[in-house]
Each structure stands twice: as structure tokens, then as C-alpha cells.
Amino acid sequence: MEFIQKKTADNAAEHFLAKAADRGTKLAWDRFEGQLPECGFCESGLSCRDCLQGPCISHPFRDVNKRGVCGKDKDILAVQTLLKLVLKGTMASLDQVSDFVEGVASGAVKPKDKAEADRIVAGIEALLKEGGAGMKKAFPKDLLAAWEEAGIYPQGVAKDLFKASQKVEGGVAGVEETLFWAFKAALLGAFAQRLQGGLKKAVFGAAPAEIEVNMGILKKDTATILLYGRFSPVLKAKIAAAAAKKKVNVAGVCTDPLLSPYVFAPVTSYGSQELPLMTGAVDLIVTGDQFVHPSVAAIAAEYNTVVVPTETLKGRNPEAFTNEIVEKALNAFQFRSSVARDIPEAKESALMGLSAADLDVKKIAVALNEGKIKGIAILAGTNNVKFTQDLPFVTMAQEFLKDDILCISEGDASVSLAKYGFLNPRQCGKHCGDGVAKLLKAAGSNLPAVLDLGYAENGGVAEFLFALSAAAKKAVKELPVLACFAEANRSAEVAEALGLVAMGVSTFFWPSLPVTGSPKTMEALGKLCGEKFGARLIVHTDKKMEPLAKARMILKVFNRVEDPILKDHPWTDWKTQG
Ligand code: SF4
């Protein structure tokens, strides 16, 4: 049986691991250990339970059990497993943007720029009904041409997602065709994120802000609401406005922290999302579905914390229910006065929510062209219990920055890095090599070592890539940019990774993807990504690889040092090692 050695790099989180063990509270890490050994069929994509004749497997070693009852072989099982993940991930982006549109259309908020908000709402409605025809201005021409040539340009939710979902239901689509549907679905998710980012800017405005992160931001003497997960910014703004009137503290977990004029300080990162409840300092949580462990309900009950699922608020008058939520939080604060508040000191400053417009992208392009920096790493994704929480992100950022790789991050990866000071402008000098340090001084005002481009749902990374591509006068695929999902977890991250590859960004993805049981799928994926997008999706199966070894492997690409594993990487002109 395999057990992880250290569960988290975050000292504040570690404090609660001991407390949970004393109390007998089961956390994600305990449940993971209880699940070991993992099912090899599921892990490699060789299982299926898509119909009631199953579940089925394709056995990689025996001569029997090669096909499921309906005839799916290992290649179809694996490629369909990937498609199912992408479909679910894309639905997450579409669900968010459709809730946002519903909130804006209800008139519950007054957009800062009404004309622009109306234009984007119309664009979102068109995307949902008619496809991506109206999105052409949001992407560079060379990418649009590549997507059209590859046959993956989205034609609409009904045409694409309904059809793609039926590829797992039956029929004779092979590996290549199924992969096309996966990329088409992933692009719909990327379109939704670009629209959501635009709508957020039009309705609430957008500006970076220096905020505080980690559990030390919780308060002993104030009623506190935590917002869990991704849900409508309109609902979040309404709750924040009602809470501000009654001086109730509102913070967030796995939720976009910036919604001008409100800030939902990130209390922790994804992997330790159960732990803020164990501080005893949370009176009420409002929780969406996305990125939220179902276990938070049980832990909240242990600490008498009130749980309000967002779905219970649908169709109700926002003024009435937000006031009701705040009253409930105040009452909970009173009746929970006997619950001890155990708040760790951990707290860090973080500059979050930068966008391409806040950065001198031309200077970044010049630094790349002149070799002042070796490349740009995009650190993305959440945490995965299979790794020491945050350690892969922290190790990669440390190693990359020292070696003059500019690091940008988004979403929960940013929160992970923020806890260790990487987003604190006053700690910038501590982490960076000369090239990156000089560039950060020149490219913006008071920048930290790692640049957060907001939550993935707002499409900030794509916006930055396109601005950089225009400034460098090169296609995205010709730029030395790599994405690293160092501790990936959710299906939304799988969809986002495929979207980045389709934009021309080679992407490292850990822990693995459930396609490894099919060499044919792996090969077809490599061929499609290389030929159509000039990028690669790099999936490693070595479970024992240490974060430092991963960082050094990626640095070989940035340093153009030839490595057998990476030898067909697109934009490098390899020099031989040694
Ligand atoms: S869809 Fe086919 S492979 Fe999947 S469970 Fe049903 S019979 Fe088995």
C-alpha cells in the first residue's frame, strides 16, 4: 500500500491535520489513503460504466476481457474517458457564464459599462445558441485558421456538446474523431472564459489589488461568512453588499477573490478547503458546486457552521435572501460563542488580479526576443491530494524564477503561491534571477515575483498570450511559453489544458490523464497537438518523480537542452546536453 509522506507544505494547514487526527475528523488526505491501492483500470482509462450492461474493463495483460460488452476496446475506452472529462470541464465554464448572464439580465446589478455588458451578454447568448461565429475578434487570426482547418471551431453548445456527448453513447467514432470532439468542447470552454472575463470587466470593472491570504485573515470577534467555490459574481456582490452594512466579514475559498469594490480574501487553497471550518471562526458558508468537496457539509456540522447552498437561492428576491444570509451569520456568531476560535497566525500579502493591460507586454516581448529571459511559465490548476499540497507549485516557481523564467499564475495556483510570498511585491527580490528581476521592475509598477492573471474563469491567461503574441509579432506557438498543471485535479483543468494546447502552448499535466492505457490514444494526441497546434500535451506517469526533478525537466525545455522525453518539442532548437 502506498502512502504519501507529507500532506502539505502549508504550516497553517499542518496545524489542523494534527487537530483532525486528535478529534477523529476525516479529511481528504485520510480518505485518499483509504482508497489505496487505486484502480489501475480507471487510472489508465480502461474502464467504463456508460451503460447498464457494464461496468466493463479492457484488460491490458490477459487475452480475455479486451473489449467491453458493446465492443469498446482499450483505445475507445481511453479516448472516451478523456472526452467525458473535457465535456464536464467545459460545462463548468458554461454553467458559470450562464449564471452570470442570468444575474446581469435580472437587473440585480447596475453594470459600470452598460453598453459593453449588453454586447457581451448578446455574445454569450449567441455562443450558447449559435456557436463561436461571433467570437472571431477575440482570438488571433492564425489560431482561428488552425482551428478551422482542424475542424474544431465550435458551432454552438447544441451542435457541439450534445453531439460530443453522444460519442460516448455509441457509434463507431475512432480515436482521432473522438479527440477532435474533445478539443472542440475545450475551445467552447475557452470561449466562455473569454466572455466571462469581458462581462466581469463591463459589470464590475477590473483592477489588481493587494490583498491578504491564508487562514490568519479570519477574525475572532466578527461574524464571518465564507464563499465556497465558483458561483455567480452577481450573487457574490449582493452578499458582500448586505454583509458590509452589518459589518460581517466575508472571505472566500476556491472563489475569485476580486469583485470590485469587494474583496473575498482567499482563506486557503483548494487542497485544504476543509480546514478553515476547523478554525471555529466560520459562522456561515455559502457554497456553489464547482471546486467544493462534499465533505465540507459534515465538517461544518461538526462546528455548528450554517451551510447555504447557492441552488437554494434560485428564483428568490436577492435583496431579501442576502439580508437573510447576513442575519443568519450574525445569529450563528452568537449561538456559536462557545466554539473556540483557533486561528493560525499565517497571513501573507498578495498582489492579485493583474491583466495584460496592467503590464508592459512590449517589454516582456522584447526581453524574450533578446534572450533577457529564457521563457514564460504558466502555473495553473488546483491541488491534488496525491502530492504534498503546494510543494510542486512552490518548487517550480523557485527553480524557474532563479533561472530567469518569468512566472505567471492563475486561480487556485496563485492562492497556493501567494501563501509563500511569491505574490508579495516586497518579496520580489528574494526569488528572482537578474533577468526576471530587471524585467519585473520595467514591466509594471511594484510587481511581485509571480504575476497572477486572475481566476481561470475570466480568461486572463489567454488575453495575456494574445497581447504577447501581438507585441512579439509571433504566433503563440512560436513563443517560449509552457504551461504547468503541477497538481491538477478537476475536469475543468483538463478542459483548460486542452484549450491551452489548442492555442499553441505546450502543457505539462500532472498527475496523469486517464488515456495512458492506450498507446494509440497517446500517439494520436501527440500527433494532433503537434501537427494542428504546434504544441504538446505532456503527460507523465512516473508517480515517484519529485517536484525538483519535474522543475528541472521543464527547465531543460526552456534551456533548449535535448532530452529524449521532450525531443520533438516544437519551438526549441535543441543543443546537445553536456
Ligand atoms: S458502454 Fe459498453 S463498455 Fe461501457 S459499460 Fe456499457 S457495455 Fe460496457
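**View 1. L379 stands opposite C484 in strand β14.** This is a predicted model: local features need pLDDT of at least 70, side-chain atom pairs count only at pLDDT 80 or more, and totals for chains, interfaces and linings use all residues. Residues are numbered from 1 along each chain as its sequence is written. Strand β14 covers residues 481–485. Helices (H or I, at least four residues) and strands (E, at least two) are DSSP runs, numbered from the N terminus. Strand β11 (residues 375–380) and β14 pair in the parallel sense, over five bridges. Two strands pair if DSSP finds at least two bridges between them. On β15 (residues 506–509), four bridges form the link to β14, and these two strands also run parallel. Here A483 stands opposite T507.

**View 2. Both faces of β14 are covered.** Five of the five residues in this strand are buried. A residue is buried if 20 or more other C-beta atoms lie within 10 Å of its own, exposed if 12 or fewer, and partly exposed in between; C-beta atoms are placed from the backbone. V481, A483 and F485 lie on one side. L482 and C484 lie on the other. Together with helix α19 (residues 491–502) and β15, β14 makes a right-handed β-α-β unit. A crossover is right-handed if, with the strands pointing away from the viewer, the path from the first strand over the helix to the second runs clockwise.

**View 3. F393 sits in helix α14 (residues 391–402).** F393 counts as buried because it has 32 C-beta neighbours inside 10 Å. Not counting residues up to four places away in sequence, F393 touches L379, A413, S416, L417, A486 and E487. Two residues are in contact if their C-beta atoms, placed from the backbone, lie within 7 Å. F393 and V69 are 324 residues apart in sequence and 42 Å apart in space, C-alpha to C-alpha.

**View 4. A551 belongs to helix α21 (residues 547–558).** A551 counts as buried because 23 C-beta neighbours lie inside 10 Å. Its contacts, leaving aside neighbours within four places in sequence, are T395, M396, E399 and F400. F509 is 42 residues from A551 along the chain, and their C-alpha atoms are separated by 13 Å.

**View 5. Y270 lies in the loop between β7 (262–263) and α10 (275–278).** Y270 is buried, with 27 other C-beta atoms within 10 Å. Leaving aside neighbours within four places in sequence, Y270 is in contact with C254, F291, T382, N383, D412 and N489.

**View 6. Residues around the ligand include C48, C51, C56 and C70.** Also around the ligand are R49, D50, Q53, G54, P55, G68, V69 and K72. A residue is near a molecule if its C-beta atom, placed from the backbone, lies within 6 Å of it. By class, this shell has six nonpolar, three polar and three charged residues. Ala, Val, Leu, Ile, Met, Phe, Trp, Tyr, Cys and Pro count as nonpolar, Asp, Glu, Lys and Arg as charged, and the others, Gly among them, as polar.

**View 7. Domain 1 meets domain 3: 24 residues of domain 1 are in contact with 20 residues of domain 3.** On the domain 1 side, α8 gives the most, with twelve residues. That side divides into twelve nonpolar, eight polar and four charged residues.
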